Every structure is written in C-alpha cells, then in structure tokens.
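Okay, thanks for coming, everyone.

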Amino acid sequence: MRWRTPQRWLVPGLCLLLMGCDGREMEVERTVDISYNCAANAAEIRALEEEIPSFTARTGIRIVLNPFTGQEKLYAMIAADQAPDIFYTNTIIRDRFAAEGRILNLQEVARSDSFLLRLLPGIVEEGSAADGGWYSLSNWSYTCGIYYDRDAFRAAGLPLPDTAWTWREMRRAARKLTRDMNGDGTPDRYGIYIPSHFVEALEVMNGAQVGRGALCVSIPDASADVYGKYIALMEDGLMPDLRRMQALGMQPMQMLQNGRVAMLVEAVPHQGLFEMKGVDLGIAPLPRFGNRPPRYFRSGSGGLSISSSTDHPREAWEALKWIVGSASIFQPNPVLADRDFVAGWEQRYPHLAETGFREVWELSLLHNGGDARFFVRFSSWTAPAVLERLQPKLDQLWSRQITVADLREAVPQMNHNVGRALHDALGQENLLPAFRTVINRQLEEFTRGACD
Amino acid sequence: MDRRPGRPPANVRTLARSGSLYFILAGCSILFLAPVVWMISASLQDQQGVFATPYAWIPEAPRWDNYATVTTMFPFWRYVGNTLIITISVTVGTLLSCSLVAYGFARLRFPGRNLLFALCLSTMMLPGQVTMIPLYVMFARVGWVDTFLPLIVPSLFGTPFYIFLLRQFFLTIPREFDEAALLDGAGHLRIYWSIVLPLARPALATVALFTFVGAWNDFFGPLIYINSPENATLTLGLNMLKAQIAGTGVVEWQVLMAGALLVMLPNVVVFLLAQRHFVKGLAIGGLRG
C-alpha cells in the first residue's frame, strides 16, 4: 500500500504521541503514597482527610491514613513486610526497632533540613536511641501540673496556689478542701488526687536523679521520701485510696468534674480538662519540696518513626514534617519552638488565659526535669524484666501491704533479671552492630555490679 | 401421704424451694443485667451525668439525640453495611463448611477418620495469637489485606468447635433415614442436604447464632486486616469514638454507649429469634457422645 504524504507523517506522529503517554511522562507527575498508621478518632480522621489533598497538590505526596492501630497489628504488618511508612513508636519499641534496623535513622533523611531548627531543644534527643541515632520525631510533648477548682479554694478561704508553692502548702490546702458533709467518715470531697503514674514526677521534683537509659531499679532517698508523703495523703484521708479509685471506676478527670476532688495532678495540656464545663479551673505547677530547686516533669510521649522498608524515605520525611508541623489535629504543637504554643491553645480555649496554664508551661521549659517515667527510666532491653517485678511491688506499696523499707529491700531481687534480659537481647540475630556494642557494654556494667 | 411431725407440707416445701431458686436466679439476673442497664441509662445522659454521683439511673431529661449523634460521628451506615456483609458471609460459610465436615465425620467411614477428627479438634488448642502473624503474612502475600476476604474466607474451612457440635448432633439422627435414602438412590450430598440438615435445625441455629454474634462483635480481626476507614466495621467505628490527641481528649461516653447499644441490638434480635432452637441444639449437641 502506498501512503499519501499526510498519512506518512500522521501515523508515526500518533505513535510518538502514544509513546509520550506510555507512563514515563506520568511517572514524573505521579503522586507518591505514604501510609500513615495514626491513632486518631473519627473527627481527627475527617480533619486529616480534608487537609491531605492540599498537601498532596503542593508536594505530590499522598498520605494514606490507616487509623486502626495496635501493637499486634504493627508487628503483623512488619512481619509481612508491609509496615506503614510512618507509625508511632514509644521509647521501648523504638529502641528495639532501631536495633533491628526496622526504622530509619532520621538524621540520614533530615540532614541539614531547616525544619530541625523549628524544634524545641531536646526534641531530637527524646527520639534518640542507644546508638545515638535519631529514630522518632515527637508529635506531642507535655508536662504535668495540678488542676484545681478555684471556687472550692475561695469557699475554703484559701489563697490560690502560686508558682512557688510547696508540698507543705499543698497539703495544708488539701486538708482544708477535704469535706465530709454527711459525717459518715468518708469524705465527699477529697483535697487532692495524684494518680500513681505521676509519683515519679514528684520524685524528680524532690531531687531524685535517674540517668537516662539506667539499667536497673534504684530507689534513692528522694524517691523514698516522696513515697512516704504520697501514702500519708491516703492515710490522712486527704486523697482517695487508690483501691477505692479502682472500685469507683472513674477517670481522674471525672473526679474533678464531679466535685469528688478539689485538686488533681494531670498532664498539661489536657484537652479533656480544658473542655470541662462547670468547674472554675485553675492550673498550678507541681509543689516544690522545701528549698530544692524545681525540676518539672516533661515528656515527649513517644513519637513518629519512618519504616526502613519504605520505598520513599524523602517523601515519608516530608509527610512526617507536615503531620507534626502543620496538620491541624496536632496544632498548635508543643514540640515546635517557632510558635507560641500557649497562645494557640488560649485562642482555642479563651478561658485558659486565666488559669495559670502559661505559667505552668513556661516553668517546665525553664526548669526541665525531663521524664523519669518507667518507659525511659531503664534501658530498653531491661525495662520489661525490671517492671514485671517493680510494678506489683509498687501496687502493694500504694495499698499499704508493704512499706517503703520492704520495697527497697526487694530491689536486688527486682534487678535479678537484668543480666538475663541483656543476654537475651544479645541473642537476637538481627541486632545492628552499634546496638550490640551498647548492650555488651551494659552487660559488662551489670557484671561489674552496676545493679548491686 | 404421711409426713413427719413438724415438717411443713410438701406444697409449702416446693414453694419454698422454688421461691429460693427464683430469688437466686433473680439476684444473678440483676447482677448480669446491671451493666446493660447502666449502658442504656448512660446512653441517655449528658456528658456530666455519666459519672455523676449519686448516679441518676433514670435521667431527668433523657438525651435521645445521643443516638442520632453517634450515627454522624463516623460513617455509621456504611460500617453497618460492611459488618453485615462480613457477618452474613461468615455465618453462611461457617454453616455450610462445618456441617459438611461434620457430616463426613458422623456418617462416612474411611481410614483415619478418628485420627483426622482428633487432629481437627486439636486445632482448638492453638491460641489465635499463635496463628495471627503467619495468617497475616499469608493473606498479605495474596493481596487480601484491607479487604473483607481474610475475615470471610477462613470461615469456609470450618471451625473445630462447631464441627464437633454438629457432628455430635448428626450422630443423634437415626441412620435408618440415610439407609432409606440410599435405597432410593440418593447420594451422600443429597442425604446431607435433604435429610440431615433439615433435621439438624436446632444445632444449625446454635452454630449460626454463635457465629453471627462472634462475627458481628469481632474487633480484633478487622483491626488487624482492615486499614482503610471506608472498609471498617462497626466495632472499629466505636473504637474511633475514643479521643486520641495525646490520649487527653474528651471521650463522650454517653455517645459511645448509645453506639454500643445500637451495635448490640442485632445480636439481641438474632438471639431472641433463635433462642428456642439454640437451647435445644446446645442441649442435644452437648449431651450425646
């Protein structure tokens, strides 16, 4: 067949056009999917889903939400080599995943990124593992303080707490605020409630020093002193007995809301308490212990990590930055130094301006005592071995089945498993060399009697 | 009839016996019903009322709108649809597969039957946690994660406990029926379908009820296998009502309870419908060895 001239050009031209659409061109404009296993409620998911398209339009990165989280789910996904690109890790899991090479060292993907300058000092350190690498970006940060009912203080003729109040003043206030209206011997309103997981914040305030990554349990005098004071609150009827709290089945927040307590130690910020109605809310810092310099509790509360199996580490980092730095459900975010976090929250909850929230927050930045809570108190490898013995003992202590002296006597027994836990950790085949070195060093310390 | 002096008459004794029995039963019922009653009551409270002390079991101004609210907080009706698809498929699949396997164990004679039956039962000893990761890996390899298939397909391969229950029931059906059918030229599938299954309705109702309730309430399976919000089930939806921002948000318990009650309703309806068969099936299946 003889082609006429137009056809001679038309057919190859069409072929070229089709070749141009064979996907190579599309690849440049194709969006990259980054899966994000996020713990979020329905409203938060909706908010994220509304914001993601504009982020995608700007960056070509589409964040695919998977809001159903759980440790088992995460392990199963990792085992199937289908780990989400971004997921939450707490300190213990983070170190283990880092040691097994399951999460990326963010230093490698975030090198010289100006975003790092936007973070509060210490945030990178909070996400660091034993090898010195940075494996998670905290998506939240908090301190703790005492939420109190200002009306109750006024009615009892008490001055409102100031930022330098002491344990003694707090205790005196708790005594005046405790009321037994019907005279049945059980207070209708207790002066204060301190959930037991905040006792360590008080230990830090009292001067207890617990090194980061410490291998074993130690109960210094400062801790023992706080334990005694804590138990005395219950024995004197100023704080509800922890056993009674379990029986009531209430969340601490509800105790304050329903007038069952006049003061409550809780996380700051605490959205639930900020939204609480019917209570004229005040927030005070933790009380000081005598003349000791204040050291307020601060925690990064875990963070978001990037899976090492991701095909798009750069894009995952961009998505991670957007989640922490821009996604509205995390804003204003307390890990960012370049935004007035308190002002942002006061804008959302105007009544906060009167509560003392700013003072508590700023004190925690000024006198940062760090986080001595269980999950960073011990090395990632020894924590479970230690905690399985410590936690039941603490429960016994709070219910006064044992004394502080008994607890201290039990410490060597608690530390007994530390060496074995380290041995077990070394037995893991997929341990990265840097972590193997760290664990070997810890084992040597243990053998030399570091826990004795 | 003689009675010993001082001993109350028989009718009085019977009355006393049944009275105390009813008293104990009523006590137990109250004990078991209390959480449900609290759930109903809490679902009609406002936020403050849920944990108020003293607690008002009957709220002064019932908040019926909690029920409407819960249907708007997540794609409720979509999740109802997803849950129904999974539950109905699982129930039908379990009934078919378990009854077929149970028929084989009850009626067919073949070498190694008892060994196979023992093997089948022994899988009941395997905790779900042990098989969770291998199963997930398997389903991930075939690309079934984030679909309903991992939640439905396993039901097509039988469940040991139900196989056992049905086999026990099938053993109570006289073999003479089968023999008569065989003489009439029926094969095993015909006997299974036309004779055994209709006679085993109580046992099938029991299995259907257990399976329905199990699949409807299943949280862990969907949690593991479902990733996208649009594929979620009601249990995952309810879980999404819990506040998350740094764990310090507000949980609206009254809405959560309203949701839980709505989710519970189909179970109650199915139970009421199948109750008569269920009790009979359980009794017969459990007693006959």
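Before anything else, pLDDT is the predictor's own confidence in each residue, on a scale from 0 to 100. You need that because what you're looking at is a predicted model.

So, chain A: the average pLDDT is 86, and 90% of the residues score at least 70. Chain B has a mean pLDDT of 89, with 93% of its residues at 70 or more. For the complex, the predictor reports an ipTM of 0.81 and a pTM of 0.83.

Let's stay with chain A and look at some backbone details. Which peptide bonds are cis? One is the bond from A:Val268 to A:Pro269, with omega near 5°. A:Pro269 sits in the loop between β6 (261-268) and α14 (271-274). Another is A:Gln331 to A:Pro332, where omega is near -15°, and A:Pro332 is in the loop between α15 (313-325) and α16.

Further along, the loop between α16 (341-348) and α17 (357-366) holds A:Pro350. Is A:Pro350 buried or exposed? A:Pro350 counts as exposed because its relative accessibility is 56%, and the cut-off for exposed is over 50%. From A:Pro350 to A:Tyr193 you have 157 residues in sequence and 26 Å in space, C-alpha to C-alpha.

Then there's A:Arg400, which isn't a glycine but has a positive phi of about 60°. You'll find A:Arg400 in the loop between α19 (383-398) and α20 (404-409). With a relative accessible area of 28%, A:Arg400 is partly exposed.

Over to chain B. B:Asp146 also isn't a glycine, and its phi is positive, near 70°; B:Asp146 belongs to the loop between α5 (128-141) and α6 (149-152).

Chain B splits into domain 1, 11-67, and domain 2, 74-242. Their centres, taken over C-alpha atoms, are 35 Å apart.

Last stop, the surface. B:Leu84, B:Ile88, B:Val92, B:Leu96 and B:Trp193 make up a nonpolar patch, with about 470 Å² of accessible area together. Which helix gives the most to the patch? That's α3 of chain B, residues 76-107, with four residues. B:Leu96 is in helix α3, and B:Leu96 is partly exposed, at 42% relative accessible area.

Definitions and conventions: Residues are numbered from 1 along each chain as its sequence is written. Chains are lettered from A and ligands numbered from 1 in the order in which they are written. This is a predicted model: local features need pLDDT of at least 70, side-chain atom pairs count only at pLDDT 80 or more; totals for chains, interfaces and linings use all residues. Side-chain values use heavy atoms; hydrogens and water are left out. Domain bounds come from an automatic or database domain assignment. Patches are made of residues with over 30% relative accessible area and no salt bridge: like charges are joined within 9 Å, nonpolar side chains (Val, Leu, Ile, Met, Phe, Trp, Tyr) within 5 Å. Accessible areas come from the Shrake-Rupley method with a 1.4 Å probe; for residues, only the protein chains shown count as cover. A salt bridge is a side-chain nitrogen of Lys or Arg within 4 Å of a carboxyl oxygen of Asp or Glu. Helices (H or I, at least four residues) and strands (E, at least two) are DSSP runs, numbered from the N terminus. Buried means under 20% relative accessible area, exposed over 50%, partly exposed in between (1.4 Å probe, protein chains only).
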